Amino acid sequence: MSETPDEGTRPATAVDVSGEDIHWQQDISYGAYLKLDNLLACQTPLSDKHDEMLFVVIHQASELWMKACLHELRAAMAHLKDDNLGPVFKMLSRVAKIQANLQQSWEILSTMTPADYAAFRDDLGQSSGFQSFQYREIEYSLGNKSARMAEAHKSVPARYERLQNVLNAPSFYDLCLQLLARRGFDIPADKLKRDWRQPYEASEGVERAWLEVYRDTKKHWDLYELAEKLVDLEHHFHLWRFAHMKTVERIIGYKKGTGGTGGVSYLVKALDLRFFPELWTVRTSL
């Protein structure tokens, strides 16, 4: 017995198994839901060089993935404040997987030869990944604080204000240390209340607290899992940075970056940065 759709519904037409075009009648389509017309109109290379399209797509896609990272990190920080670690674990795992995906994007970009890039590099002017406000917010959120780095975004008040807010707030790691203190661990007072605008400096007292967690994982299982999720995240973040550095080295050698940075030399220095230093040094103490 056939059924009559309720009044007001717009069912899809029958599927044509012959493979011919199928016309759908529905309130929203795949393209409309994803706003694909707007999204796909954003790829507008400045030159007529074939390889610039890849350069644009890679960087735009990276910004979308960074948007996803920030979505996860903001939510994870809210859960962390409430000592609700279950969602935090999932969100940190997701960020780490996104970082792995971003690492792979450099593999794709590395198919571009030095001659390919040189053909349109001058058209980029002073634009540089160094100016990514989302990347800066990710670094601030994870603890790599530097007020000077926010100045590149002062010309866009809304972005600058957002970065200032994140700069002036505790980082993810700061929230982790506050959680340890709430759980009864002896965290130095100067790590619980400090100038959040300043980069975090490693502490022997904090390392002792993590050492206690690692030496009795059964008792502190959720904190142990939190620590390992953080290590996993930073591990993937460093692989992303390394892949970026090697791709730049492969394509432009040791030329200066388009934004005026040292290029490869600047990226090499970034490899020494640590978000969660005691979680690495504690391994030696075990």
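Guide: This is a predicted model, and the description starts with the chain as a whole. The protein chain holds 14 helices and zero strands. Of its 286 residues, 39% are buried. Among contacts with a separation of 6 or more, 68% join residues 24 or more positions apart.

The largest nonpolar core has 61 residues, and the members that touch the most others in it are Phe172, Tyr173 and Trp210. Two or more residues of this core come from each of α3 (52-81), α4 (85-109), α6 (133-142), α9 (172-182), α11 (204-215), α12, α13 (264-270) and α14 (278-285). The most is given by α12, with 13 residues. In soluble globular proteins, nonpolar side chains tend to be buried together.

Leaving out residues up to four places away in sequence, Tyr173 touches Tyr200, Val206, Trp210, Leu230, Phe275, Phe276, Pro277, Glu278 and Leu279.

Glu234 is located in helix α12, which covers residues 221-252. Glu234 counts as buried because its relative accessible area is 0%, under the 20% limit. Beyond four places in sequence, the contacts of Glu234 are Leu273, Arg274, Phe275, Phe276 and Trp280.

Outside the four places on either side in sequence, Gln164 is in contact with Ala150, Glu151 and Arg197.

Ile28, Tyr30, Tyr33 and Leu34 make a nonpolar surface patch of about 490 Å². Ile28 sits in the segment before α1 (30-33). With a relative accessible area of 49%, Ile28 is partly exposed, because exposed requires over 50%. For the protein chain as a whole, the accessible surface is about 16,700 Å², and carbon and sulfur atoms hold 54% of that surface.

Methods. Residues numbered from 1 in each chain as written. Predicted model: local features only at pLDDT ≥ 70, side-chain atom pairs only at ≥ 80, totals over all residues. Heavy atoms only, no water. Patch = residues over 30% accessible without salt bridge, like charges linked within 9 Å, V, L, I, M, F, W, Y side chains within 5 Å. Areas by Shrake-Rupley, 256 points an atom, 1.4 Å probe, with all protein chains shown as cover. Salt bridge = Lys/Arg side-chain N within 4 Å of Asp/Glu carboxyl O. Helix = DSSP H or I, 4+ residues; strand = E, 2+ residues; numbered from the N terminus. Buried < 20%, exposed > 50% of the residue type's maximum accessible area, 1.4 Å probe, protein only. Contact = heavy atoms within 4.5 Å. Core = buried A, V, L, I, M, F, W, Y, C linked by side-chain atoms within 4.5 Å.
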